[in-house]
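Here's a quick briefing to read with the model open beside you. Take the topics in any order you like.

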Amino acid sequence: MITKINKLFAGCILCCGLTAAFTACSQNDLDIPNLYAAQCPASIEFQLPDNLQQLLYVDEADATVLPLIKGETVKLAYSMQPADITFRQVQWSSSNPVVATVADDGTVTAVSGAGIGYSMISISPVGMFSGSGVISTLKVRVSDELIKTTSITVDLSSSEVYAGETVQAIATILPAEATYRTVKWSSSDESVAKVDINGVVTGQPSAPNNAKVTITATALDGSGVSASAPLTVKQVVQPQRVTIDAAYDGLDLAIASKALTLNYTTIPDDCTKSLIEWSSSDENIATVKDGVVTFNQTGNFGEFTITASCPETGQKSSVKMTLAAGLIRELYKDPDNLTWKDAGQSGNGSSTSTVWHDGYVTITTYNQNATNQRADIKGVTPAWLHAGNYPIFAIKMDDVKDKYEEITSRNINFDAVGKGMLNGLDYKSIGGGNNKYSSNYLCSDGSRVFIYDLSTVACGTGGLLPTDQAVQFSVFQLKYADMRTIDHQVTYNIYWVQTFKTMDDLKKYLTEVDGVTFE
């Protein structure tokens with residue numbers, strides 16, 4: 001008797017008949033081998049030749065599309081699995097015969113591109129029950145005439161690739177309504193890199209290190225339009241030695257800087273630098289990846305060591321640094337990470353702005369009212385001050401009173417607000433009011449340095465900051481306001497914002513680094 005029936009194939013009537021015929025007899029009575037039910041299809045897939053495969057693209061509806069021209073015919077092939085299927089009959093269908101028809105042998109004819117412009121061509125095994133999922137569908141889009149490509153742009157997901165690894169090449173075709181939305185990909189040297197019909201580029205291990213190759217996309221419509229992009233193929237070369245720049249050893253770092261990219265050298269110079277192993281002795285303070293040290297932003301300060309290791313040789317290089325509580329160091333060298341800039345204020349039809357220059361920023365004021373200008377200077381938050389480690393807070397900037405004769409007064413107020421309570425005290429407004437800075441210097445370059453000595457200048461609330469711990473601030477802003485009397489926007493420069501351990505350190509910085517005299 002039959003020992004197994006495949007329930008997926010409802011149309012296997014022959015097998016059902018056999019079952020009924022043999023129910024009255026035992027296997028021993030008839031002395032016949034076991035009979036099995038028909039083997040049903042588990043999947044069916046289109047098998048398109050290369051000339052059609054390279055035309056396929058995925059549209060905005062996530063459907064695979066084959067573009068055709070009105071009057072064109074193509075024959076679609078298919079495959080079914082598993083290989084030992086009992087019945088192999090299939091049925092073809094077109095969802096929109098006005099656009100495209102399909103014959104019993106899989107020949108698709110493009111009829112018209114008018115109206116909806118596409119038809120879903122489907123193939124499924126005969127006799128499969130509804131919902132079985134054993135079906136394959138291809139969206140055919142018909143154009144009444146060929147719209148040729150006018151331009152192509154090629155972009156690579158990376159300009160470099162290691163041998164054995166891949167990058168994706170993407171071609172952007174104009175016009176958007178061009179009939180063919182794909183291209184023919186080619187490599188200028190397949191011994192360096194190969195590219196498949198989908199634009200996947202693979203670096204070849206036989207290429208020399210840092211070999212150059214050009215990846216080209218050519219239109220498939222005979223227009224001759226093409227575009228290219230360069231690619232460098234790198235070989236995997238084990239680093240034998242790594243040396244981190246010794247200038248970092250003993251360096252104090254400011255938490256607001258967020259990250260530091262280390263300079264280092266390797267032997268050989270063209271080794272695969274991604275193979276270098278990086279580690280931090282205290283990841284609560286700082287982490288490291290590929291030579292970039294990232295600082296925590298939760299207020300963990302202290303000393304840590306960064307180590308780079310060569311896995312093949314075991315050679316190591318280390319530097320010891322400190323994320324220093326209370327250190328502020330904005331020198332305006334990184335335009336992508338400004339830690340002090342305008343506070344983004346606006347009013348009366350105007351707004352503040354910051355323009356970065358190498359070594360300083362220019363800030364534009366806004367119309368505070370009809371006779372006053374204002375442009376506060378805001379630092380990143382949260383921020384930490386430490387009156388014991390770095391008690392000297394200083395900002396080197398233009399004073400609008402020096403720069404503009406019509407401005408006779410202005411107010412500076414350090415509007416810092418401590419986050420929560422510390423030792424039962426809530427710290428607000430360093431200095432406690434307008435122009436309560438400890439001192440200021442007029443420098444020989446025309447700028448001024450405004451100084452708050454945190455060891456002597458009390459806050460408006462909370463009194464003096466403690467000297468044994470850092471205080472976190474949720475507001476950290478210098479109010480630069482009430483510039484009167486003036487009825488139009490003005491600009492001023494900020495050259496740096498820093499904290500120092502002593503006044504002598506500040507004076508040394510002005511003379512030795514800035515090269516200015518002051519009074």
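Accessible area here comes from the Shrake-Rupley method with a 1.4 Å probe. By that method, the protein chain exposes about 25300 Å², and carbon and sulfur atoms supply 49% of that area. Keep in mind that this is a predicted model.

**Overall build**

- The secondary structure of the protein chain comes to five helices and 47 strands.
- With a radius of gyration of 37 Å, the protein chain is well over the 24 Å that the globule rule gives for 519 residues, so it is more spread out than a compact globule.
- Along the principal axes, the C-alpha atoms of the protein chain fill a box of roughly 115 × 60 × 55 Å.
- Of the 519 residues in the protein chain, 43% count as buried.
- Take the contacts in the protein chain between residues at least 6 apart in sequence: 67% of these join residues at least 24 apart.

**The nonpolar cores**

- The largest nonpolar core has 40 residues, and those with the most contacts inside it are Tyr452, Phe476, Tyr492 and Ile494.
- Several strands give two or more residues to this core, including S35 (360-364), S41 (409-418), S44 (448-453), S46 (471-484) and S47 (491-500).
- S46 gives the most to this core, with six residues.
- Apart from this core lies another one, of 27 residues, with Leu68, Leu76, Trp92 and Val142 among them.

**Strand S35 and its partners**

- Four of the five residues of S35 are buried, so this strand is largely enclosed by the rest of the structure.
- On one pairing, S35 runs antiparallel to strand S34 (residues 353-357), joined by five bridges. Serine 353 stands opposite threonine 364 of S35 here.
- The hairpin of S34 and S35 has two residues between the strands, and glycine 359 in this hairpin takes a positive phi near 105 degrees.
- S35 also runs antiparallel to S47, with four bridges joining the two. Threonine 362 has asparagine 493 in S47 as its bridge partner.
- If you're following side chains along a strand, remember that in a regular strand they alternate between the two faces of the sheet.

**A five-stranded open sheet**

- Five strands make up an open sheet with mixed pairing, in the order S4-S5-S12-S11-S8.
- Strand S4 (57-58) and strand S8 (90-94) stand at the edges with a single partner strand each, so one side of each is left without a neighbour in the sheet.
- S4 pairs with strand S5 (residues 64-69) in the antiparallel sense over two bridges. Valine 58 has threonine 64 in S5 as its bridge partner.

**Cysteines**

- A disulfide is a covalent bond between the sulfur atoms of two cysteines. How many disulfides does a search of the whole structure find? The search comes back with zero.
- For cysteine 271, the closest cysteine sulfur is in cysteine 310, 7.1 Å away, which is too far for a bond.
- Cysteine 271 is buried, with a relative accessible area of 3%.
- Cysteine 459 also counts as buried, at 8% relative accessibility.

Conventions
Residues numbered from 1 in each chain as written. Predicted model: local features only at pLDDT ≥ 70, side-chain atom pairs only at ≥ 80, totals over all residues. Heavy atoms only, no water. Core = buried A, V, L, I, M, F, W, Y, C linked by side-chain atoms within 4.5 Å. Buried < 20%, exposed > 50% of the residue type's maximum accessible area, 1.4 Å probe, protein only. Disulfide = S-S within 2.5 Å. Pairing = 2+ DSSP bridges. Rg over C-alpha atoms; globule rule 2.2 N^0.38 Å. Contact = heavy atoms within 4.5 Å.
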